[in-house]
Amino acid sequence: MTETVAARRTPSHPSLKVRYRLTPWWVKVLVIFAASRVVSTIILLVFASLQAANPWTGAHPDYFSFAQIWDGTWFRFVEEYGYPAQLPVDQNGNVQQNTWAFLPLYPLITRGLMTLTGLPFDVAGVIISVLCAAGAALVFYKLLTPQLSSSSALFAVVLFCVAPLSPVYQVDYAESMQVLFLALALLYLQRRRYWLTLPFVAALSFTRPGGLAFALTLGLHVIYRWVVRRRDPFPVREIVAAVSATVISLALGYAWPAIAGLVTGRANAYVDTELSWRTPYGFFTLAPFQPWIEGATWWLGFIGVTNKVIPIALLVLAVALFALLMFSPWVKRIGVDLRLWVASWTVYLLAVFFPQSSVFRMFVPAFPILGAFAVPKSRVYRVTIVLLFIAGQVAWVYMTWWFSSSQDWTPP
């Protein structure tokens with residue numbers, strides 16, 4: 001009789017709350033990722049349906065054709081033709097745009113999938129991007145769980161998946177692969193497995209520029225661990241591993257420019273190729289930390305501001321605000337190593353990047369900072385920021401990806 005009563009009081013099926021708690025973390029992450037891809041796909045399809053004929057496609061292209069415009073076509077050129085042994089130049093000897101600006105690992109892996117499946121480049125490239133983005137979402141969760149609660153880490157994954165730039169995770173661009181390799185390198189840095197960071201830094205260095213920024217992160221990590229060694233021991237074997245990883249990452253950061261120089265016989269082949277994309281704004285040399293001053297001067301001049309002190313003042317103000325952000329309580333919650341990476345990547349961009357419409361995409365590797373925005377637990381806050389991020393996707397696709405006219409000079 002007692003057993004019968006007890007059986008009646010015990011639910012035959014667990015509640016939804018219990019089922020959710022019992023669901024493995026990786027299933028939750030993949031469900032979030034899949035749902036976010038539905039949203040981003042709808043946004044891209046809507047803009048594809050509105051797309052007029054352009055240099056890459058006819059009017060109203062299908063999804064995969066639309067996903068291959070802009071730099072996606074350059075990656076296809078790498079897959080089809082490789083890299084020129086002689087750089088193209090104009091009548092004045094200035095290097096013209098060419099495939100050396102696009103690193104080889106993403107088109108190489110895409111070509112492997114094409115060989116295995118017979119799929120065309122645009123379809124295979126999207127598949128590779130989506131799979132890498134899903135892997136990056138999984139690793140991002142593991143990056144944050146040492147610092148944040150599982151709930152906050154999971155919400156950070158939500159923000160990663162619906163971020164304004166997240167449509168780039170499902171087009172023929174290398175960002176997804178970059179973020180995956182970067183997340184894995186950061187995971188092993190966080191776990192102090194310094195030698196194990198190197199395969200991923202190597203892969204990263206041949207996917208998108210990033211090896212130099214990661215070397216800076218490792219160097220700052222070594223300094224930090226040395227400073228706090230009394231409360232957090234820094235044994236000799238770890239010092240050797242960390243310093244060695246720093247030096248090797250630095251070398252990997254210069255590997256692709258060195259290869260370009262050797263193949264073409266022009267030492268600055270890679271840098272000159274990258275600078276060719278700046279020619280609409282003028283001809284510049286690469287001087288560390290000058291591009292943002294030059295860019296601010298150009299953009300302010302575009303709107304009629306000619307005072308040369310203002311660009312410098314704005315840059316100083318932006319750096320000061322960024323420093324305040326990095327030491328804010330929310331950002332400090334993501335841990336020292338992730339903060340060091342975000343700071344290093346920002347310094348790297350300040351040193352080499354000329355600000356224009358691609359600047360938003362350049363900050364995709366700073367994704368760990370999304371963990372800070374996942375700290376507040378207010379339901380109103382979380383719903384609001386998700387909706388704002390999705391609106392940001394619409395804005396980014398409209399402003400940069402969607403080719404509005406023959407005079408469109410706002411590449412993503």
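Begin by selecting Arg 339 together with Phe 327: in this predicted model, the charged end of Arg 339 sits over the ring of Phe 327, at 5.3 Å from the ring's centre. Then select Arg 229 and Trp 226, where the arginine lies over the face of Trp 226, 3.9 Å from the ring centre.

Next come pairs of rings, of which a search of the whole structure finds 36. Select Phe 214 and Trp 341, which form a tilted aromatic pair with 6.1 Å from centre to centre and 45° between the planes. Because Phe 214 belongs to helix H11 (residues 211-227) and Trp 341 to helix H17 (residues 336-352), this pair ties together parts that are 127 residues apart in sequence. If you display accessibility, Phe 214 comes out as buried, with a relative accessible area of 0%, and Trp 341 is likewise buried, at 1%.

Move on to Tyr 281 and Trp 298, an edge-to-face pair whose centres are 4.8 Å apart and whose planes make an angle of 80°. Here Tyr 281 is found in the loop between helix H13 (269-275) and helix H14 (290-302), while Trp 298 is in helix H14 itself, 17 residues apart from its partner.

Finally, select Trp 74, Phe 75, Phe 77, Tyr 81, Phe 102, Tyr 106 and Trp 277 together, and you will have a cluster that is linked by ring pairs.

How values were computed. Residues numbered from 1 in each chain as written. Predicted model: local features only at pLDDT ≥ 70, side-chain atom pairs only at ≥ 80, totals over all residues. Heavy atoms only, no water. Phe/Tyr/Trp six-rings, centres within 6.5 Å; stacked < 30°, edge-to-face > 60°. Helix = DSSP H or I, 4+ residues; strand = E, 2+ residues; numbered from the N terminus. Buried < 20%, exposed > 50% of the residue type's maximum accessible area, 1.4 Å probe, protein only. Lys NZ or Arg CZ within 6 Å of the ring centre and 35° of its normal.
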